[in-house]
Amino acid sequence: MVKTAPFAANASAGMFDHVRERANWIRRRSLQMVFEARQGHPGGDLSAADILASLYFHAMRYDPLRPADPARDRFVMSKGHCSGSIYATLAAAGFFAEDELATYMQPRSRLNGHPNRYVPGVETNTGPLGHGVPVAVGMAIAGQMDRAEFRVFALTGDGELQEGSNWEAAMTAGHRKLANLTLIVDRNRLQQGASVEDTVDLEPLADKWRAFGWEVVSCDGHDVEALCRLLDPPAKVRDKPLCLIADTIKGKGVSFMENQVHWHHGVPDAEQYAQAIEELSA
Amino acid sequence: MSAAAVPQGLFDCRDAYVRAVEELAGRDARVVAVVNDSVGSSKLGGFKERFPDRLVNVGIAEQTMVGVGAGLANGGKVPFVSAASCFLTARALEQIKADVAYSGANVKLCGISSGVAYGELGPTHHSIEDVAWLRTMGTITVLVPSDPWETAEAIKAAAAHEGPVFVRISRMPVPELERAANARFVIGQAETLREGGDVALLANGVMVHRALVAAEALARDGVAARVVNISSMSPLDVDAVLAAAATGAIVTVEEHSVRGGLGGAVAEIVATRYPCPMRILGFPDFLPTGSADWLMQQHGLTAEGIAAAARDLLRV
């Protein structure tokens with residue numbers, strides 16, 4: 001079992017720099033994938049990058065050479081349309097060679113537009129929204145039954161929480177006190193066609209999760225240090241599942257994409273791409 | 001639903017199902033049951049008593065029930081996800097597709113009280129589309145057992161098979177079929193229960209014993225009918241279907257829609273590889289209210305109806 005970034009209690013401010021570097025690399029690489037494939041979901045890739053980096057390069061315990069290790073921590077990418085960011089993350093974590101990212105959405109590539117189990121490190125196929133939380137709840141129940149030490153993480157979009165299946169699963173997770181389960185909500189406040197607030201408002205979101213029996217914490221979803229500390233095992237054993245509402249910016253890191261709804265699945269032209277990479281390399 | 005008394009000599013296949021699941025659970029700690037408040041209708045009360053920590057009741061939430069099943073399989077369990085077939089397959093169809101079939105999750109989906117068992121409750125509670133939906137997903141093994149013995153064997157085969165399986169389990173009383181002592185249930189293999197060269201009656205589930213009675217009646221008219229039990233709907237025994245076509249006439253019989261089920265599956269093979277005249281017996285569409293028996297009679301899903309279809313096909 002590899003823990004890629006051992007935690008030190010007396011951490012210095014710089015100890016999360018490597019996580020930040022990974023997050024920026026995920027941003028650049030996933031945007032390159034979208035640019036080359038001429039399709040994808042860059043807005044949500046960019047909002048999720050710090051969360052994914054904090055999970056895979058700090059919080060989670062896994063061995064990329066043994067993706068079926070029963071003791072591994074599990075991650076479910078419920079917002080499966082942001083496949084560029086999760087594929088880039090898995091490649092960076094060593095589950096498969098980075099070269100393969102160049103095949104994103106090409107004929108016969110296993111890196112299709114949504115995560116699938118042909119790709120090492122993907123635990124369950126996602127794409128249709130509202131699937132990840134129920135499956136993660138099942139994983140957490142299996143861990144609870146076996147008193148296993150592995151933890152289960154899932155990442156949903158915020159618009160995705162309009163799917164009722166999430167709330168079915170939220171009830172079961174609260175009822176069964178699945179303390180080994182952490183859900184992160186990528187709260188970028190935009191969905192495909194408009195803002196979440198203007199479509200079907202989720203607020204009061206934290207109160208909703210609390211009412212379903214979850215512990216809820218909010219944080220800046222681009223503050224890598226805050227994310228890493230919140231995703232670490234709690235000092236005192238939790239008796240509830242944790243919902244981490246990560247406030248994010250859709251298109252984070254690229255000035256002309258930030259908070260612009262059409263970059264949900266927009267594809268940059270060559271000039272825009274060059275500018276984006278320059279900004280992400282700064 | 002009050003439990004109707006099962007007539008003498010007939011059996012409710014759910015009993016065989018739960019016996020098999022409990023037996024499996026007794027020797028394999030990975031076996032768990034997942035239900036949607038359906039402990040009673042799935043007859044899992046005994047399982048709950050013996051293995052309280054291995055019964056996951058997610059409440060009335062079929063999407064989560066199937067997703068949780070996939071998650072449990074990821075965690076190394078062998079989940080038997082049991083619910084009324086109408087809700088399991090219709091409400092959670094996308095979870096079955098994405099979380100189970102496409103993900104290749106080792107989940108055993110048990111569609112209880114399938115077909116028109118809930119006759120009087122109307123089309124919302126009928127499950128005459130389930131086989132058609134599920135057999136389009138090639139990674140799911142689809143089994144439609146005919147009697148208590150085959151139900152238990154199908155459950156054991158499902159557990160032994162690594163990958164998604166759907167087992168359609170009726171609550172309609174059926175007799176135990178006569179079989180050779182060395183009979184074996186094998187996924188992907190049809191079972192020829194009676195030889196005959198004039199016409200082939202291809203049936204599954206609760207229609208198999210009716211097809212056998214129809215064959216007796218046809219024999220009295222001098223028609224030799226072969227009876228083949230197609231309990232393994234996917235994978236389908238293509239050789240058995242081609243051999244049936246070689247008789248020159250096929251009648252398919254299912255307690256299911258005539259669209260996309262056994263008749264459709266057989267027609268796909270026959271039309272492209274060995275054209276022969278066919279009759280497809282089943283249900284046409286949403287059905288009127290009535291008991292299961294009445295609905296079956298109305299649509300010729302009786303021994304008499306099967307024999308009449310065969311005679312019509314053979315013009316005798």
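Reader: Which residues are in contact with Ile230(B), leaving aside its neighbours within four places in sequence?
Author: They are Ala190(B), Leu202(B), Ala203(B), Asn204(B), Leu236(B) and Leu262(B). Contact means heavy atoms within 4.5 Å. This is a predicted model, in which local features need pLDDT of at least 70 and side-chain atom pairs count only at pLDDT 80 or more, while totals for chains, interfaces and linings use all residues. Side-chain values use heavy atoms, with hydrogens and water left out; residues are numbered from 1 along each chain as its sequence is written, and chains are lettered from A and ligands numbered from 1 in the order in which they are written.

Reader: Why is Ile230(B) called buried?
Author: Buried means under 20% relative accessible area, exposed over 50%, and partly exposed in between, with a 1.4 Å probe and protein chains only. The value for Ile230(B) is 1%, so the residue counts as buried. Ile230(B) sits in the loop between β9 (225-229) and β10 (232-234) of chain B; strands are DSSP runs of E with at least two residues, helices are runs of H or I with at least four, and both are numbered from the N terminus.

Reader: Why does Ser85(A) count as buried?
Author: Its relative accessibility is 0%, therefore Ser85(A) falls in the buried class. Ser85(A) belongs to helix α3 (residues 83-92) of chain A.

Reader: What makes the pair Ser85(A) and Asp45(A) a polar contact?
Author: A polar contact is a pair of N or O atoms within 3.5 Å; within protein, one must be able to donate a hydrogen and the other to accept it, and residues adjacent in sequence count only if both atoms are side-chain atoms. The side chains of Ser85(A) and Asp45(A) come to 3.1 Å, so the pair qualifies.

Reader: How many residues of each chain are in contact across the interface, and what area is buried?
Author: 26 residues of chain A are in contact with 25 residues of chain B. The area buried is about 2000 Å², with 50% from carbon and sulfur atoms. Buried area is the accessible area (1.4 Å probe) that two parts lose on being put together, summed over both.
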